[in-house]
Amino acid sequence: MGEFNVHRVRFFNYVPSGIRCVAYNNQSNRLAVSRTDGTVEIYNLSANYFQEKFFPGHESRATEALCWAKGQRLFSAGLNGEIIEYDLQALTIKYAVDAFGGPIWSMAASPSGSQLLVGCEDGSVKLFQITPDKIQFERNFDRQKSRILSLSWHPAGTHVAAGSIDYISVFDSKSGSAIGKMLVDRQYMGVSKRKCIIWGVAFLSDGTVISVDSAGKVQIWDSATGTLVKNHLVSNADVQSIAVSAQEDSFVVGTAEGTVFHFQLVSVTSSSSEKQWVRTKPFQHHTHDVRAVAHSPTALISGGTDTHLVIRPLMEKVEVKNYDAALRKITFPHRRLVSCAKKKQLLLFQFAHHLELWRLGSTVATGKNGDTLPLSKNADHLLHLKTKGPENIICSCISPCGGWIACSTASRFFLYRLNYEHDNISLQRVSKMPVFLRSALQILFSEDSTKLFVASNQGSLRVFRLLEGGFTHLHSFQPQSGTVQSMCLLAVSPDGNWLAASGTSAGVHVYNVKQLKLHCTVPAYNFPVTALAIAPNTNNLVIAHSDQQVFEYSIPDKQYTEWSRTVQKQGFHHLWLQRDTPITHISFHPKRPMHILLHDTYMFCLIDKSLPLPNDKTLLYNPLPPTNESDVIRRRTAHAFKISKKYKPLLFVDLLDEKTLVAVERPLDDIIAQLPPPIKKKKFGT
């Protein structure tokens with residue numbers, strides 16, 4: 001791999017927002033996740049659980065409910081009283097409709113996907129018709145005495161169960177009339193509580209209603225008679241969420257103690273046809289409240305205050321024991337939050353509402369491999385740049401020379417000019433922005449910092465020339481007719497002649513920046529692109545996909561390189577393909593054209609194309625051979641993949657120069673330490 005001086009950065013004080021809701025779509029095998037800051041993320045479970053889309057958060061949008069409807073349409077509702085539909089192609093909010101019932105606590109789409117129910121603060125349940133372009137209010141159900149905290153449709157669409165405070169209501173969906181009420185016992189561990197909050201309900205085909213409440217109970221009800229069939233006391237704290245499998249043979253609940261319980265419908269005896277619900281498996285993968293759960297055909301999915309999205313596979317449902325059978329914890333976004341100005345050794349960190357600019361420390365000490373060198377000059381916090389307004393920052397970037405910073409929210413684009421004088425830094429905002437430049441999904445500067453590339457949510461790519469006092473618009477690359485595809489990843493060649501852009505669905509487009517036209521399109525692949533970069537000198541485009549495949553495409557020749565064809569013919573090592581976090585950044589050694597540096601959350605790898613590829617019989621994570629071994633043994637054990645797992649979790653790795661690396665880490669313990677304290681549980685012997 002070679003020797004590098006590594007700047008080990010741990011002062012990026014990033015804390016992800018907690019998970020509030022999850023919604024699984026069985027048709028597309030996608031998972032929607034909303035966080036406490038209003039951010040909504042879309043995970044493609046078929047593409048190695050890759051976060052392929054996201055919608056930035058907003059201070060006034062406290063999302064309390066999330067659901068899918070017919071035609072792969074996604075809706076959310078929250079405490080601002082609005083129902084929001086998301087445009088999954090343009091990655092924007094399509095519209096927002098006020099339900100006029102105060103804060104919305106719950107929402108559910110009908111089994112047919114053509115109707116939408118919301119439960120409000122004022123006790124009203126409102127029915128909306130889902131039209132091709134919008135939603136239209138249809139009628140109110142009978143108003144209840146307290147807020148509606150949970151909703152569930154009968155699978156036939158004939159009835160609706162609504163959870164409130166101290167009781168569960170059953171409605172006729174056609175008339176909107178309340179036809180039944182089930183009172184919940186306030187008893188909690190033998191003590192009468194003041195209120196019992198029904199956090200979740202599930203309506204099954206046979207008329208059974210399952211409820212979870214603040215008294216730590218999971219209760220099975222007969223909706224026809226309104227009687228309690230079975231009571232399960234599972235927690236000393238609230239049971240906050242429930243999700244049922246499509247076959248209705250199992251369900252999962254999440255508690256405020258961080259435990260997830262799996263219930264299954266099993267026969268009472270081996271010869272009996274009578275079945276009952278039995279608590280079969282407890283899982284403790286969270287430290288804090290489990291606010292949301294989902295049940296896919298092969299896994300249990302949970303998320304909560306500790307920010308982790310946990311996918312726990314059901315081993316009896318997984319046919320092939322591949323990476324789908326591994327437990328996953330997704331904590332960090334699958335996009336870059338760090339950009340680097342190599343020439344000035346600056347790092348720009350992106351937070352929800354501000355940016356931080358840091359200068360790396362330096363040392364004059366020397367040492368041998370593995371030594372920690374003392375700093376002669378500490379890292380400097382140069383700038384804290386706060387954006388105005390309630391919107392979260394979507395993307396940001398610093399120019400390679402360190403003289404420009406650009407960032408964007410959902411409605412505003414910001415460009416700043418930086419000037420450095422000794423230890424002082426001055427900031428000047430470029431005020432006159434074009435009308436068409438209101439938002440960006442991705443921003444990138446050219447290597448010489450003379451051009452700015454901006455990808456908008458309408459599929460267009462805009463090229464600007466940077467001047468001392470501002471910028472001028474050079475050209476706009478428009479999407480193909482009839483398509484609105486958002487470009488989420490950009491890469492520019494070091495010579496500034498080529499620009500590669502990857503969208504949310506189709507392949508990678510390569511543009512000629514000098515001639516301002518489309519040069520070629522890389523053949524489409526079944527899995528989304530997670531990272532791409534253009535190599536110096538050769539102008540080879542390296543593309544990483546969510547299934548861990550890496551391709552190298554020659555832009556001048558418009559075809560895959562010989563090395564890439566060899567890789568696809570032989571195949572990657574099985575341990576490489578089983579990694580569960582995507583590659584998020586690719587870079588190159590300035591003096592060694594055969595080297596590719598890339599990283600995911602738990603490793604960084606240097607691929608040496610001059611060495612043979614490892615096969616499944618060789619060690620992928622090959623430790624360095626002893627120094628006293630002969631050159632013959634060293635060459636025999638060497639292969640193209642040099643992998644280091646010393647630094648993790650990794651948010652960013654890049655080469656500053658030939659001998660220097662920067663690695664930005666974010667230890668999970670530091671994140672947990674900044675969260676509110678979890679519920680204290682009594683442990684044996686304490």
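Two strands are taken as paired if DSSP finds at least two bridges between them. In this predicted model, strand β36 (residues 395-398) and β37 meet that criterion, with four bridges joining them. The two strands run antiparallel. Within this pairing, C395 stands opposite S408 in β37. The hairpin of β36 and β37 has five residues between the strands. In that hairpin, G402 takes a positive phi near 80°.

Strand β37 also pairs with strand β38 (residues 413-421). Five bridges join β37 to β38, again in an antiparallel arrangement.

The burial of β37 was examined next. Five of the five residues of strand β37 (residues 404-408) are buried, so the strand is largely enclosed by the rest of the structure. W404, A406 and S408 point one way from β37. I405 and C407 point the other way. Residues on both sides are buried.

A search of the whole structure finds 22 aromatic pairs. One of them is formed by F12 and F349. Their rings are stacked, at 4.5 Å centre to centre and with 15° between the planes. This pair links distant parts of the chain. F12 lies in the loop between β1 (5-9) and β2 (19-25), whereas F349 belongs to strand β33 (residues 346-350). The two residues are 337 residues apart. F12 has a relative accessible area of 0% and is therefore buried, the cut-off being under 20%. F349 is likewise buried, at 0% relative accessibility.

The rings of F414 and Y416 have their centres 6.4 Å apart. Their planes meet at 5°, so this pair is stacked because planes under 30 degrees apart count as such. F414 is buried, with a relative accessible area of 3%. Y416 is buried as well, at 8% relative accessibility.

F12 and F349 also belong to an aromatic cluster. The cluster comprises F11, F12, Y14, F349, F351 and W358.

Rings also receive charged groups. The charged end of K181 sits over the ring of Y167, 4.3 Å from the ring centre. The charged end of R579 sits over the ring of W576, 4.0 Å from the ring centre.

Methods. Residues numbered from 1 in each chain as written. Predicted model: local features only at pLDDT ≥ 70, side-chain atom pairs only at ≥ 80, totals over all residues. Heavy atoms only, no water. Phe/Tyr/Trp six-rings, centres within 6.5 Å; stacked < 30°, edge-to-face > 60°. Buried < 20%, exposed > 50% of the residue type's maximum accessible area, 1.4 Å probe, protein only. Lys NZ or Arg CZ within 6 Å of the ring centre and 35° of its normal.
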